[in-house]
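Here is a brief report on one chain. Keep the sequence and the model in view while reading.

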Amino acid sequence: MASPDLPADLRAALNARLEGLSRSDAAGRAAVISQTYRAGGGSSTIRTETDALAYALARMPATYAAVVASLNALAEIRPDFAPASLLDVGAGPGTATWAASEALSSLQRFTLLDANGALRTLAQGLFRDSTRLHDTAYELGQARTLLAQAEPADLVVASYMIGELGGAEQAALADALWSRTRDTLLVVEPGTPAGYARIIALRARLIAAGAHVAAPCPHDGACPLIAPDWCHFSQRLQRSRAHKQVKGAELPFEDERFAYVALSRAPMMARPSRVLAQPDVGKVEISAKLCTPEGVVVARVPRRAKADYAAARRWRWGDAVDSSSLRRPGESRDP
């Protein structure tokens, strides 16, 4: 499994661009950019190389961690998945491309699409000294226009970009993404109720078009969660000194909340259940909220069931687990 922390060559490339950069100026720029994104304004405030670098310092580590976590989950479900080509849509500074290159050694061809020239320039600069990524193709323009011209890829990724669009545009983009997906489409969004809603809408639309869920869901049916609950996950990552300065943070780590779906053209075999929240470990039993092929259940693993209890103690939020032998509430079966 790939590490959620930025790879050494990417850290080195970023650090080389920090010489002479005012951390207070970068923090101010990053705050404005983040506020614009939260308001649904997209990357319109990223106009210069300094803006792009401030954004990358503030958001690249967390976005990278979320995409890596999603790809790791996909690889766990499909260990034979070996895509040769990647299409990164709404690529920004190239975060998802870096993540995919680390998580999937089979990738040989990388194509990126984005409308922001400053982010494209930064991405190309970061790729320059990378052995695997120095020959990437990065097209500048609107996603749907470029998608219509793009070659299909084995893996298509759209990370943290659908929220910049209106509802009708989101549906059209979903269709365009799927039309360029030769094998698997991965979409990652912020782990908010709104981000989850966008994932669920895209998931339902593309299942109706013939897609099959590879991860995180253990089924292709409607999401069984009921509002105000929503499906999201968390990935911890380490903060560098520059990252802490730009974020105005003191903790040496950050927990990125994200929602995702990986959709495949091939139907999946039996899929494991998914841990939807951090399990509650008690003295008598472990209780864990799971999404299973039959729906959402709270599995209870009694301490006396030693093997199951030992396995459940290792469960973490977001893990794929075998829940077939576990007792559900209302069952009287003894281990």
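What share of the 335 residues in the chain is buried? The answer is 52%. The model is a predicted one, and every value below is computed from it.

## Overall fold

The chain contains 10 helices and 13 strands. Its C-alpha trace spans about 65 × 45 × 35 Å along the principal axes.

How does the radius of gyration fit a compact globule? A compact globule of 335 residues would have a value near 20 Å. The chain has 20 Å, so the two agree.

Sequence separation tells another part of the story. Take the contacts between residues at least 6 apart in sequence: 71% of them join residues at least 24 apart.

## Surface and charge

The accessible surface of the chain is about 15,300 Å². Carbon and sulfur atoms account for 50% of that area.

Charged side chains come next. There are 39 positive and 35 negative ones. The centres of the two sets lie 5 Å apart.

## Aromatic pairs

How many aromatic pairs does the structure hold? There are 4. One of them joins F233 and F258. Their ring centres are 6.2 Å apart, with 45° between the planes, and the pair is tilted. This pair links distant parts of the chain. F233 belongs to strand β7 (residues 233-238), and F258 belongs to strand β8 (residues 253-264).

F233 has 3% relative accessibility, so F233 counts as buried. F258 also has a relative accessible area of 3%, so F258 is buried.

Which residues do the ring pairs link into a cluster? They are F233, F258 and Y260.

Notes:
Residues numbered from 1 in each chain as written. Predicted model: local features only at pLDDT ≥ 70, side-chain atom pairs only at ≥ 80, totals over all residues. Heavy atoms only, no water. Helix = DSSP H or I, 4+ residues; strand = E, 2+ residues; numbered from the N terminus. Rg over C-alpha atoms; globule rule 2.2 N^0.38 Å. Buried < 20%, exposed > 50% of the residue type's maximum accessible area, 1.4 Å probe, protein only. Contact = heavy atoms within 4.5 Å. Areas by Shrake-Rupley, 256 points an atom, 1.4 Å probe, with all protein chains shown as cover. Lys, Arg positive; Asp, Glu negative; His and termini not counted. Charge placed at Lys NZ, Arg CZ, Asp CG, Glu CD. Phe/Tyr/Trp six-rings, centres within 6.5 Å; stacked < 30°, edge-to-face > 60°.
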